[in-house]
Amino acid sequence: MRYLIWGTGPYCMGKLPYMDRTDEIVAFVDRQILSFCGQETILPEDIIKYEFDYIAVMSSYYMEIIPEIIKLGVEPQKIIPGICFRPLYYNELERMVHGSEIRINSDGTISYGIGDKSFLLSTEDDWNIVRGYLCREENAGCIQKLGIYPAGRLFGHNRGESIGRYYINQFLSGHQADIKGNVLEIGDRCYTEQYGMNVEGAYVLHYSGEGVTEPYDFKGDLQSGEGIKNNFFDCIILTQVLDFLFDIHSAARTIKKSLKIGGVCLITVSGITPISRSDMDRYGHFWNFTTKSLSELFAKDGLDTEVVFYGNCKVACACLQGLAAEDLTQEELTCRDDDFQVIIAARVKRVR
């Protein structure tokens, strides 16, 4: 196949690494840039002088470019709207030419056809509909090819940093100023040591009493309140704990009572996640949360609660497969979709 590529901007640069046969690119088309990727560019009006099978539009100005290409005499069936295809994947040019095409309607309007589907293209929103459809079809095919077993069952720890821990670190690093004075953590004091500022006492609660070796270690129970001082802590770090407490409402009351006025509890819980088998067998994995359930849990008189979430569909799938944060891009990890909440976090402040 021989291709012309219209566009030399960031969109095209992002696509090129995923084109398996760049040697089949005849030329790049651009009015502003004289050369690109070691090749001289050609002007749009010169494209009819070249022999090519397809011309791929790799520019965000595709709504203006496609009609211009047609006016230059290029057959609509030879035009590939590369803007449609995200996420990127290998052999993309070959994939785009099969079963899809630009069509000119009898009234002069333009449609994009793929299989038995046809989409009228007149606005940016029309292209968004096409993109959504193509991504759904591509992603459905990926899911259908999956086996019934995950890539791993260790939450990505065997591959790098777990996705959950990546978000927990992001949340806590943004609230370092709250981790001060008398700080309480569960099981160990790793986050207190990592993020604490002006910590006076780094306290650690041990549910079973095992591991109580340091002066600030003690045995306690968040559900009953046993062993936990009232009006004492400036900060409580409660990461991935509420998931494994059956009586979360009593735990919420204990948290409020144990905080000083002005004290803050930094909480993270799981939304979409596999079951933690080791914790299920030892304590019970009772709950997965949403932003709504975590907000309602701390909707108590005297508390000021801010809730955030992290995750999207791809991150949720990766989490369920046991992948690590390193298996995803920064852009993928940062994107948030309210319908796919992987980690939910809350800053709960006692105001009275």
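**View A. In strand 2, F28 stands opposite I5.** The model is predicted, so local features are taken only at pLDDT of at least 70 and side-chain atom pairs only at pLDDT 80 or more, while totals for chains, interfaces and linings use all residues. Residues are numbered from 1 along each chain as its sequence is written, and side-chain values use heavy atoms, with hydrogens and water left out. Helices (H or I, at least four residues) and strands (E, at least two) are DSSP runs, numbered from the N terminus. Strand 1 (residues 3-6) and strand 2 (residues 25-29) pair in the parallel sense over 4 bridges; pairing requires at least two DSSP bridges between two strands. W6 has V29 as its bridge partner in strand 2.

**View C. Helix 2 (residues 62-71) has buried residues Y62, I65, I66 and I69.** These residues cover an arc of only 100° around the axis, so they lie on the same side of helix 2; the arc is that of the directions from the helix axis to the C-beta atoms. An α-helix has 3.6 residues a turn, so residues three or four places apart point the same way. E64 and K71, on the other side of helix 2, are exposed. G73 follows helix 2 and has a positive phi, near 100°.

**View D. The largest nonpolar core has 30 residues.** Such a core is a set of buried Ala, Val, Leu, Ile, Met, Phe, Trp, Tyr and Cys residues joined through side-chain atoms within 4.5 Å. The members that touch the most others are L222, L238, L242, I267, L294 and F298. Two or more residues each come from strand 11 (199-206), strand 13 (233-239), helix 7 (248-258), strand 14 (259-270), helix 9 (291-297), strand 15 (303-310) and strand 16 (343-350). With residues up to four places away in sequence not counted, L242 touches I248, A251, I267, V269, W287, F289, L294, L297 and F298. Contact here means heavy atoms within 4.5 Å.

**View E. The buried residues of helix 7 pack against strand 13, strand 14 and helix 9.** They are I248, S250, A251, A252, T254, I255 and S258. Q240 lies in the loop between strand 13 and helix 7. Q240 is not a glycine, yet has a positive phi of about 55°. The relative accessible area of Q240 is 16%, and this residue is buried.

**View F. Y203 and F233 form one of the 11 aromatic pairs in the structure.** Rings of Phe, Tyr and Trp (its six-membered ring) pair if their centres lie within 6.5 Å; planes under 30 degrees apart count as stacked, over 60 as edge-to-face and the rest as tilted. The Y203 and F233 ring centres are 5.7 Å apart and the planes are at 80°, so the pair is edge-to-face. Y203 is in strand 11 and F233 in strand 13, so the pair ties together parts 30 residues apart in sequence. Y203 is buried at a relative accessible area of 14%, and F233 is buried at 2%. Y203, Y216, F232 and F233 form one aromatic cluster. Over the ring of F232 sits the charged end of K229, 4.4 Å from the ring centre; the criterion is NZ of Lys or CZ of Arg within 6 Å of the ring centre and within 35 degrees of the ring normal.

**View G. F246 and F286 form an edge-to-face aromatic pair.** The distance is 5.3 Å centre to centre, with 70° between the planes. F246 lies in the loop between strand 13 and helix 7, and F286 in the loop between helix 8 (277-282) and helix 9, 40 residues apart. F246 is exposed at 53% relative accessibility, whereas F286 is partly exposed at 37%.

Technical notes:
Buried means under 20% relative accessible area, exposed over 50%, partly exposed in between (1.4 Å probe, protein chains only).
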